[in-house]
Amino acid sequence: MTDKAIERRGEDIETIVGPSVKVEGELNSDGNIVIEGQVSGKIKTSKHLRVEEGAKISADVSADSALVAGEMRGNIKLASVLELTPTAHIYGDVTTKTLIMASGAVLHGHCTMDENEKGRKVVSKKGEGYDGAIVNPV
Amino acid sequence: MTEPLLIPSKNNRVSSKEKNVIVAQDWDKDFIKKDLHRLLKEKIAYKEQVKKHQAGRAANYVYIYDDYLKDKEYKAILTNIERRLEVFEMAGKIIKLTSFSNPRVIIEDEMRHGTGTVVIVGNEITLSRVFLRAADLETVFGFLPVGQKNNQLAEALGIPVDEKACDILAARKIEKIDYGVVNQKYFFVSNVYIPATALQFSCDDRFSIAAPREKMEVAITNLLPPPFAINKFQPRPQDGKLEFYLHSASGGIMSYLGGNRKKGSVSLFTFKKLFLKSDKTVPVIVDGHTMQEGSLSIEVSKKRMALIVGKDRSF
């Protein structure tokens with residue numbers, strides 16, 4: 001689920017980490033999370049995670065979907081969609097069903113995608129900055 | 001000596017189950033039957049009495065009036081309210097709060113005398129004054145907001161002001177709502193506000209929050225929004241959690257009192273238990289009541305309070 005989809009559905013954001021705020025520890029939430037500041041530790045939500053430009057995350061992440069515009073260090077495990085904007089920097093392994101990657105986004109790590117889903121064409125690609133990344137064309 | 005008398009079952013036979021038979025010696029059969037009949041009647045009457053008492057207890061109202069209601073401008077409103085309560089057969093004892101009254105002592109005393117519903121008559125300051133000390137008491141609370149001033153909370157609870165509120169009270173829709181506990185001694189239902197200061201926070205013993213670069217205003221909310229501008233506020237007083245806002249815009253207690261709120265970046269967390277550490281004592285505004293505290297422990301109460309609300313409530 002993308003950010004626009006959240007706005008459309010009018011879902012409540014349960015956790016917001018503001019730009020000047022630093023959180024350390026285990027950030028668990030039942031709702032959507034928006035990060036504009038710094039988080040280190042663990043992030044877990046059953047809904048959407050949005051990492052804004054300028055945000056810095058050093059944590060293992062587990063969520064339903066994510067939109068990343070900031071910097072993330074750690075492993076990311078998502079149930080549905082990972083969307084990377086041109087300013088996104090990810091250093092870690094990614095597990096997701098769908099990957100949407102804008103030109104300019106950086107992903108350093110191993111990307112695993114759910115190959116069992118019907119009708120999805122999986123392309124394996126190795127290149128500079130990628131370590132066995134599996135990219136799903138959009 | 002006469003033979004022992006056995007009380008038989010319906011078919012005039014003593015079954016094997018009826019081991020505990022009443023043995024009567026020198027007593028007449030009819031006398032025993034009459035006595036049993038009388039006992040049965042007494043038992044039924046007692047049960048009815050208990051039922052009546054319980055029903056009466058639930059509907060037994062006591063009204064706590066705020067001191068400001070003695071003002072002339074509220075006389076007509078109060079007369080209308082009292083008339084309407086008479087129509088609904090909900091009139092009850094009226095207690096007038098003074099600046100020296102302890103609401104907890106008053107309510108506990110009334111509860112001992114069988115009061116089942118405590119109705120606070122006044123505005124949200126009256127309500128918070130009562131709840132500050134007595135929110136944990138196991139009774140049903142009602143609210144009759146009087147006047148247009150300081151009645152934002154009434155709107156959140158779906159209760160119209162003045163005599164129209166009597167209809168909500170009569171409908172008696174009871175919702176169980178969360179309340180917060182500050183330092184294990186004060187209770188709040190609306191919000192807590194701490195003006196801009198350097199604080200460290202720890203949420204649910206899971207994560208810590210710091211704002212190293214600037215001082216932050218803090219608000220902990222339940223039924224009412226924080227006193228600074230935020231995009232959207234949806235009260236969730238039944239989720240077993242409280243909301244914790246951090247606001248980066250400059251401000252202090254004077255800007256809070258003056259209502260001069262600038263929009264700045266806001267952080268939001270939900271929690272059950274929050275610790276706030278400060279090197280010095282800071283002003284803490286709990287439901288509009290200012291107090292000075294050093295370290296703070298704020299948690300959502302495990303119990304919920306029973307409150308009569310309207311159908312147009314905001315949650």
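**View 1. A six-stranded open sheet in chain B.** In this predicted model, six strands of chain B line up in an open sheet, in the order β2-β1-β3-β4-β18-β5, and their pairing is mixed. β2 (93-96) and β5 (174-177) of chain B sit at the edges with a single partner strand each, so one side of each has no neighbour in the sheet. On average, and ignoring direction, neighbouring strands here are turned by 30° against each other.

**View 2. Strands β1 and β3 of chain B, side by side.** Zoom in on β1 (residues 61-65) and β3 (residues 117-122) of chain B: they run parallel, joined by five bridges. To find your place, look for V62(B), which stands opposite V118(B) in β3(B).

**View 3. Two helices on the sheet of chain B.** Helix α3 (residues 103-112) of chain B packs on the sheet and touches β1, β2 and β3 of chain B. The direction of α3 makes about 165° with that of β1(B). Then there's α4(B), which lies across β1, β3 and β4 (140-145) of chain B and runs at about 140° to β3(B).

**View 4. Where the two domains of chain B touch.** Chain B splits into domain 1 (60-172) and domain 2 (186-300), and their C-alpha centres lie 28 Å apart. Ten residues from domain 1 of chain B and twelve residues from domain 2 of chain B make up the contact. On the domain 1 side, α4 (124-134) and α5 (152-156) of chain B each supply at least two residues. α4(B) gives the most to that side, with five residues. Sorted by class, the domain 1 side has six nonpolar, two polar and two charged residues.

**View 5. Chain B meets chain A.** This contact takes 18 residues from chain B and 17 residues from chain A. On the chain B side, β10 (207-210) and β13 (266-271) each bring at least two residues, and β13(B) has the largest share, five residues. That side of chain B counts nine nonpolar, six polar and three charged residues. Strand β2 (residues 22-29) of chain A also pairs with β10(B): the two run antiparallel and four bridges join them. Here K22(A) stands opposite A210(B) in β10(B).

**View 6. How confident is the prediction?** Chain B averages a pLDDT of 84, and 83% of its residues score at least 70. Over residues 258-262 of chain B, though, pLDDT stays under 50; the model has seven contacts beyond four places in sequence for this stretch.

Definitions and conventions. Residues numbered from 1 in each chain as written. Chains lettered and ligands numbered in written order. Predicted model: local features only at pLDDT ≥ 70, side-chain atom pairs only at ≥ 80, totals over all residues. Domains from an automatic or database assignment. Nonpolar A, V, L, I, M, F, W, Y, C, P; charged D, E, K, R; others polar. pLDDT = per-residue confidence, 0-100. Pairing = 2+ DSSP bridges. Axes fitted to C-alpha atoms, helices over the stretch in contact; angles between N-to-C directions.
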